[in-house]
Amino acid sequence: MERERDEQLMGAVLGVAVGACAVRLARPHAGFQHEHLSAHSFDTQTISVGEQDLAELTAEVIGVTLEASTDITATAIAYRTDQQARAIRAAMAKQQITNYELVPELNAIVEFAESSGDIRGVSALVVYDLGSSGLSVSIVDVETRQVRHTERTSDISGDYIDSLIREQQIASGRIAHPHDHSGLAQLDALCRQAKEQLSSNTAVALPSEQGLVLLAQENFESLIMLAVESSARMTREVVTRSGVPVNGVLVVGGGSRIPLVAKVLEHWMGLPVTVPADPETVAVRGAALLARTVRAPRPVAAAAHPTPAVDIDDDDLTPSWLSAPTARKRGRREISGAALTVTALAVVAAIGLGLGYGPQVLERDSHTSEGNTSPLPTTPAHATAADPQTAAPTTTEAEEAIAEPPPQRQRPEEPAPTTLGPNTIVVVPGLPPIIVPTIPPLFPPAPAP
């Protein structure tokens, strides 16, 4: 049931493949079935890069396509390298496109080859990808999609083969060497067209402003034989270095349209070689098969109470004119000041408890907590229970109901002073002052002359 639902949604997905010099798009036909999957099951389109940034062009093309086709619900983009993936992600963010996913290009290639039945019975696959900028040889586990080994070279490429045809035509005297860059670009495009036509024809004759491009299939194969054999030798060495027992070769990329490539690979590898139809679009069609709708994260349910708890960052409370580092420093200073204040109060309380004023303070707090707001009678530091005449008399009936504070303990050898001297400090009003002893000087004063 899930497979049928996915197949019904396939008509509303978009596959994208980012090559070295082109961006390809693919959309499956509505209602197609995996059992009859082929190159004709997709609508494909190729956009040349030109001078524009590849990632920016990819994002713009996807944005235009999504606006024109509102039924597209999922997009998958096949990328080659992590650097390319980061560039694409940044470009998509500028276009404010979020409903997409990035998939490795090799995963997309193997997905289409397996779905189409091209690699049926193959467990470890050699992917020979010959594109316009170079050749990539990879060893892939078909079941897990794990890339066991991969290497890339620019010794052979589509552009290199085009240059071989161009130089051969100029050397033959039928084509004049272009005098400027635009003329050279036109000649290269003509040589590329001749190469593509030779994939299905025995000879080509293409006129141009510089002359006639005339090339036979036999001459073309002899022209590129050395490069193709070198690539086959490299492929075999990659398999040897990987140490993986492979049992199939898949040839993709525009260069794989050349019949000589598969023939030479099969000879050198001794394995069955598969060339899918339209091999240059295998990656983009596989990306379309991997496209899935990216669901947005669920909103967090509101709390039952009307005022939900909110995390407030210190920087949110910082004025705009105050830099974040300054605010953090100021916050640390304020916290340090508060810690010093608490520490000082704790020291004072400890001193008070040590001098025997703890019960008096607790008793006073208990009366205050009972609702009595009248001031408590104070007792001088030298007053004791033996000297009732020195206790402060009560003045109201409410004050008479208050118990007299408990007697205070006093060291007989240190009578409390009756007057405040220069070394006496009143820390808390209502409590006895603290006498700070005088510390004698470390060095006696020099005698008078």
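User: Which strands does helix 3 lie across?
Analyst: This is a predicted model. In it, helix 3 (residues 82-94) lies across strand 1, strand 4 (74-79) and strand 5. Helix 3 runs at about 145° to strand 4.

User: And which strands does helix 9 touch?
Analyst: Helix 9 packs on the sheet and touches strand 1, strand 2, strand 3, strand 4 and strand 5. The direction of helix 9 makes about 140° with that of strand 1.

User: Back up a bit. What's the strand order in the sheet?
Analyst: The order is 3-2-1-4-5. The sheet is open, has five strands and shows mixed pairing.

User: Which strands stand at the edges?
Analyst: Strand 3 and strand 5 (101-104). Each has a single partner strand, so one side of each lacks a neighbour in the sheet. On average, neighbouring strands are turned by 20° against each other, ignoring direction.

User: How many bridges join strand 1 to strand 2?
Analyst: Four. Strand 1 (residues 13-18) and strand 2 (residues 22-28) run antiparallel. Gly15 has Ala26 of strand 2 as its bridge partner.

User: Ala26, then. Buried or exposed?
Analyst: Buried, because its relative accessibility is 0%. Ala26 touches residues including Val13, Leu14, Phe42, Val284, Arg285 and Ala288. Phe42 is 16 residues from Ala26 in sequence, yet their C-alpha atoms are 6.1 Å apart.

User: What does Phe42 pair with?
Analyst: Phe112. The aromatic pair is edge-to-face, with 6.1 Å centre to centre and 65° between the planes. A search of the whole structure finds one aromatic pair.

User: New topic. At what angle do helix 4 and helix 9 cross?
Analyst: Roughly 85°. The axes of helix 4 (residues 105-116) and helix 9 (residues 282-290) come within 7 Å. The two helices are therefore roughly perpendicular to each other.

User: Which residues of helix 4 make that contact?
Analyst: Glu105, Asn107, Ala108, Ile109, Glu111, Phe112 and Ser115. Helix 9 brings Val282, Ala283, Arg285, Gly286, Ala287, Leu289 and Leu290.

User: How many of those are nonpolar, polar and charged?
Analyst: Eight nonpolar, three polar and three charged residues. Two names here came up earlier. Phe112 of helix 4 is in this contact and also in the aromatic pair with Phe42. Arg285 of helix 9 is in this contact and also touches Ala26.

Methods: Residues numbered from 1 in each chain as written. Predicted model: local features only at pLDDT ≥ 70, side-chain atom pairs only at ≥ 80, totals over all residues. Heavy atoms only, no water. Axes fitted to C-alpha atoms, helices over the stretch in contact; angles between N-to-C directions. Parallel < 35°, antiparallel > 145°, perpendicular 65-115°, else oblique. Contact = heavy atoms within 4.5 Å. Nonpolar A, V, L, I, M, F, W, Y, C, P; charged D, E, K, R; others polar. Phe/Tyr/Trp six-rings, centres within 6.5 Å; stacked < 30°, edge-to-face > 60°. Pairing = 2+ DSSP bridges. Buried < 20%, exposed > 50% of the residue type's maximum accessible area, 1.4 Å probe, protein only. Lists of a residue's contacts leave out its neighbours within four places in sequence.
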